Amino acid sequence: MKYTETLKNIHRSLDRLGDLPVFSATVNRIQQISASEESDAMALAMAIMKDTGLSAKLIKLANSPMYKRGQGDITVVSRAVVLLGFNQIKNISLTLKLIESFHDENPDLDVPGMMMRQFLSANMAKELALKSRKSVDPEEAYMASLLFGLGEIMVACTLPEQYRKMLRLKERGEKKWPRIQAEVLGMSFSELGRELAAGWGYPKQILNTMAPVDLAHIDDRSDLLSTLPTLSHGLVQQLYGQDQNNEQPYDKVVDAVSLAGDIPFDDVGEITLQCFQRVAKVSRNYGLKARSLIPDYSETGNVAKDDMVRQLSFLAHNEVELEEVEQTESIEGKSSPAAESKRNSKQLSYLNQLTELIAADGKIHEVFKLVVEAIGECGQFDRSMLCLLSKSNTHLSVKIIEGEELDPLQSYFERDKSGKADDLFFKVLAKQVTLLVNDLDEDGWDKRLPPNFVKQVGCQGFVLIPLTMGKRVIGMLYADRLKGRGPVSEEDFNTFNQFSTQTRLALMYADSKARQTA
């Protein structure tokens, strides 16, 4: 009964949440890569693979009848990216729940830390596959290990109260972790992960890798792809003192890795160190604190394990120090944590409003108005604006504009195509490229931009993104910072990009609806 009840409760929670949570930084990175003409499918796939939830969603979709269409089983993200396409992936990523909203509600569960440890495990599996003399696709090894802990992450995200109960039982030390899973959920995390993945249509090749392998049965003849998720996950669990699933000591786990992969014992340790350092650096890009990756360094009597944990602890503490130095150096001009939290909450609120408006087939003008308002409220921009392009592509009109000192900006962008330098913006729209100028005082931008724009508009930095409906460019979104108020930061661009993508999504829906009624 518990087995069936657990699955029902998880599906109910997913219906309410929308899907597995993703890192908001992942969403931002996807928008940047998708907007760049220089990006390819592998660049987008690598950004996606840093996130368990999004990777799971895309593999699931790629194997659904709607997209599969005789392509064979899709087991790696890069193939899913090619199959689904950049635009579809951008839209999917925006529908998933931002992880910060879950973490704010349940900060004690450390879901971001849990997902980053999965990321560490996946990186180790990929590097071990590359180092091995056996023939194993490193991306398949990465994906298999990334999804290996799907069951536990799913429970923490969708059934937080039950997960807390399990953690309390674990702390008492009276029962082993596998038994606690069985008693509370009616199944193990591994069984749950495979059950969900099977229901989502995952191919058997992935399902097979999600089943734990008994370390005692691993030798040099073992299939490496099937064993790598268990081995890399087991190593990470050992190093973080969470190895209650595993009766084998650290040395035996490393021996098993060495045997299965035909990799020297010492090389396994080197790969672990390299992967840990890489993940510690990446975690900062994902808005996570490197401090959460510090393992508990204490003497256990196992020389090899103690030495490895000591080195990992040193690397993590070093990343924390670098993080603190960066924060100290950049504190001027930065908002306080309280202000940052308030802005994040406001941004999430606007995204929810836009999602509801688009889902309810709201008028496109209402979407435009809300987006221009959101860009001004959630970023550190001084002005935000929507311009529309005439059907002849020869005239720009300012339709919605907000902020300070608006007359010079509106006056400049209310213009006809003239065949002169000021036609730069018509050319940008025709090429459908994003134009980001962080700071006019750097890289000679004040000389490369139209003189009238530099003199009249009076901005320090700006960003604009063309808007299309079907195959036609209909206008652009624009935002800037006034002269002397600092450059456009990466955070500002991410905010702008997120709302502009919602606008593009609304236009895509509007175009699709128009075609259906035509």
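# Exercises on a predicted model

The side chains of Glu183 and Arg179 form a salt bridge, with N and O 2.9 Å apart. This structure is a predicted model. The exercises begin with that pair.

## Exercise 1: a pair within one helix

Find where Glu183 and Arg179 sit relative to each other along their helix, and state how exposed each one is.

Step 1. Locate the pair. Both residues belong to helix H13, which covers residues 177-185.

Step 2. Consider the spacing. Glu183 and Arg179 are 4 residues apart, so about one helical turn separates them.

Step 3. Glu183, at 27%, counts as partly exposed. Arg179 is also partly exposed, at 48%.

Step 4. Side chains of opposite charge can pair when their charged atoms come close.

## Exercise 2: one arginine, two partners

Name the residues that form salt bridges with Arg485, and say which parts of the chain each pair links.

Step 1. Take Asp382. Its side chain meets that of Arg485 in a salt bridge of 3.1 Å, N to O. Arg485 lies in the loop between strand E6 (472-482) and helix H26 (490-517), and Asp382 in the loop between helix H21 (364-378) and strand E1 (383-389), so the bridge ties together parts 103 residues apart in sequence.

Step 2. Take Glu404. Arg485 forms a salt bridge with Glu404 too, and the closest N and O atoms are 2.9 Å apart. This pair links distant parts of the chain: Glu404 is in the loop between strand E2 (395-403) and helix H22 (406-413), 81 residues from Arg485.

Step 3. Asp382 is buried at 10% relative accessibility. Arg485 is partly exposed at 35%. Glu404 is partly exposed at 36%.

Step 4. Widen the view. The structure holds 13 salt bridges. Asp108, Glu161 and Arg164 are linked in a network of them.

## Exercise 3: the strands around E1

Which strands pair with E1, and in which sense do they run?

Step 1. Start with E2. It runs antiparallel to E1, and 7 bridges join the two. Leu386 has Ile400 in E2 as its bridge partner.

Step 2. Look at the turn. E1 and E2 form a hairpin with 5 residues between the strands, where Asn393 takes a positive phi near 65°.

Step 3. Move to E6. This strand pairs with E1 over 6 bridges, again in the antiparallel sense. Arg383 stands opposite Asp480 in E6.

Step 4. In E1, 6 of the 7 residues are buried, so the strand is largely enclosed by the rest of the structure.

## Exercise 4: a buried helix

Describe the span of helix H16 and how many of its residues are buried.

Step 1. Read the span. H16 covers residues 224-239, 16 residues in total. From first C-alpha to last, H16 reaches 22 Å, close to the 22 Å expected at 1.5 Å a residue.

Step 2. Count burial. Of the 16 residues, 15 are buried, so the rest of the structure largely encloses H16.

Step 3. Look past its end. Just after H16, Gly241 has a positive phi of about 65°.

## Exercise 5: the surroundings of Gln347

Is Gln347 buried or exposed, and which residues does it touch?

Step 1. Gln347 is found in helix H20, residues 337-359.

Step 2. Apply the cut-off. Buried means under 20% relative accessible area. Gln347 has 13%, so it is buried.

Step 3. List the contacts. Leaving out residues up to four places away in sequence, Gln347 touches Cys378, Thr495, Gln498 and Phe499.

Step 4. Gln347 and Glu377 are 30 residues apart in sequence, with 8.2 Å between their C-alpha atoms.

## Exercise 6: the whole chain and its confidence

Step 1. Note contact range. Among contacts between residues at least 6 apart in sequence, 66% join residues at least 24 apart.

Step 2. Where pLDDT is low, the predicted coordinates should not be read in detail.

Notes. Residues are numbered from 1 along each chain as its sequence is written. This is a predicted model: local features need pLDDT of at least 70, side-chain atom pairs count only at pLDDT 80 or more; totals for chains, interfaces and linings use all residues. Side-chain values use heavy atoms; hydrogens and water are left out. The expected span of a helix is 1.5 Å times one less than its number of residues. Buried means under 20% relative accessible area, exposed over 50%, partly exposed in between (1.4 Å probe, protein chains only). Contact means heavy atoms within 4.5 Å. A salt bridge is a side-chain nitrogen of Lys or Arg within 4 Å of a carboxyl oxygen of Asp or Glu. Two strands pair if DSSP finds at least two bridges between them.
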